[in-house]
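Here's a quick walk through one model, written for someone who likes to check things against the coordinates. Have the viewer open and follow along.

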Amino acid sequence: MERTWTNARLATMAGDGLGVIEDGVVVSRDGRIAYAGPRTEAPETSGDSVDCGGRWITPGLIDCHTHLVHAGDRSGEWAMRLDGASYEEIARAGGGIVSTMRATRAASEADLVAAALPRLDALLAEGVTTIEIKSGYGLTVADELKMLRAARSLEGQRRVRVKPTLLGAHALPPEYAGRADDYVALVTDEMIPAARGLADAVDAFCEGIGFTPEQTGRVLDAARRAGLPVKLHAEQLSALHGASLAASFGALSADHLEYADEADAVAMAAAGTVAVLLPGAFYFMRETKLPPVNLFRAHRVPIAIATDCNPGTSPTTSLLLMLNMAATLFRLTVTEALRGVTVHGARALGLAEEIGTIELGKACDLAVWDISEPAELVYRIGFNPLHLRVKDGECC
């Protein structure tokens, strides 16, 4: 099937900048981009035509780090933090990830899908066409697989590409208290092999309240042996050089990165590992240690932005808000921010050849916006100018 979008201004994200084409045209054929360029060079087409009325078109947005599938909420813990308790104190007292674990274990797969759909719908309403969803709240083989199945089944509920990630090494479940190495063995020997076919990547939480670099390395090595790419929660609360560890395994991304240093940036640059910044968690946890954006720039580490949608530290379903936070809190430029939710978001998921830019042969995933300039997507707070979302050439 062929469809053409005309009378549009394109921000293709091709090349190093926004890839602006004034008076542009996009042609989709069988869900792929058959042409993207100036109207004067556009081919003759015979399918449907959509007049965009001078609106801007960007690639469909990519949320490359979320924990969208879970049960329960942690608003009570948030109130505790307002009263002065730290994230670490809450976690060590049995709250945090473990409290969500209990609710998620008690939920059925259908319950998890039903709970995730409103969160997913909020993101789709802002132009998201691809989303990564991590497990990590089940912490048993059966419950982690349940979460992955729920995440993958969302593709059948909505027009969206879902990339499920196994995050079995997210926290130590209570039944393994004092036996972290035994739990890591469960993840490496049973969970990762069982997740093949359900998970598209493996992640871990390398942190003082998570898993040590040595334990994390065992998880990443098991993923590599299983043929699964890796990602890593690294340097969020302390400097353990998890980012360098991730890079040594050729990780798609290292995420958070507030405590990363130049050695981490050098290692990530050499490995092509994307720095995924999560301003929602930084804001919500009242952090003050900024990620080293200037080091990432200096060493040409690609920077992506994501919501980190999760019930404990970033309960947001607005990727557009994250654009503004990334610019305001982390001082990213408009171009860096927009590329962070398109081309570099695609790289963080291993999908750079498939999505992230408006270029010949890629999936026709688009967002059409009622804006005067692309900067408006980063500038506004609490405003959604989406006019139309397009997934695989279909308006939705």
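C206 is buried, at a relative accessible area of 2% (buried is under 20% relative accessible area, exposed over 50%, partly exposed in between, with a 1.4 Å probe and protein chains only). C206 is in no disulfide, and its nearest cysteine sulfur, that of C64, sits 19 Å away. For a disulfide, two cysteine sulfur atoms have to be within 2.5 Å. C396 is in no disulfide either: the sulfur of C395 is the nearest one, 7.5 Å away. With 37% relative accessibility, C396 comes out as partly exposed. For the model, the count is 0 disulfides.

## Ground rules

This is a predicted model, so local features need pLDDT of at least 70 and side-chain atom pairs count only at pLDDT 80 or more, while totals for chains, interfaces and linings use all residues. Numbering runs from 1 along each chain as its sequence is written, and side-chain values use heavy atoms, with hydrogens and water left out.

## The chain as a whole

You'll find 15 helices and 16 strands in the chain; these are DSSP runs numbered from the N terminus, helices being H or I with at least four residues and strands E with at least two. The C-alpha trace spans about 70 × 45 × 45 Å along its principal axes. The radius of gyration is 21 Å, which agrees with the value near 21 Å that a compact globule of 396 residues would have. That radius is taken over C-alpha atoms, and the globule rule is 2.2 Å times the number of residues to the power 0.38.

Buried residues make up 57% of the 396 in the chain. Take the contacts (heavy atoms within 4.5 Å) with a separation of 6 or more: 71% of them join residues 24 or more positions apart. The chain exposes about 14,500 Å², and carbon and sulfur atoms supply 51% of that; the areas come from the Shrake-Rupley method with a 1.4 Å probe, and for residues only the protein chains shown count as cover.

As for charge, the mean positions of the 37 positive and 51 negative charges are 1 Å apart. Lys and Arg count as positive, Asp and Glu as negative, with His and the chain ends not counted; each charge is placed at NZ of Lys, CZ of Arg, CG of Asp or CD of Glu.

H299 lies in the loop between α11 (293–298) and β13 (303–305), and is partly exposed at 25% relative accessible area. Leaving out residues up to four places away in sequence, H299 touches E262, A265, V266 and A269. H299 and V266 are 33 residues apart along the chain, with their C-alpha atoms separated by 6.4 Å.

R300 is found in the loop between α11 and β13 too, and is exposed, with a relative accessible area of 69%. Phi of R300 is positive, near 60°. Most residues other than glycine have a negative phi.

D63 belongs to strand β6 (residues 61–63). D63 is buried, with a relative accessible area of 0%. Not counting residues up to four places away in sequence, D63 touches L123, V128, T130, I131, E132, A306, T307 and L319. The C-alpha atoms of D63 and V160, 97 residues apart along the chain, are separated by 11 Å.
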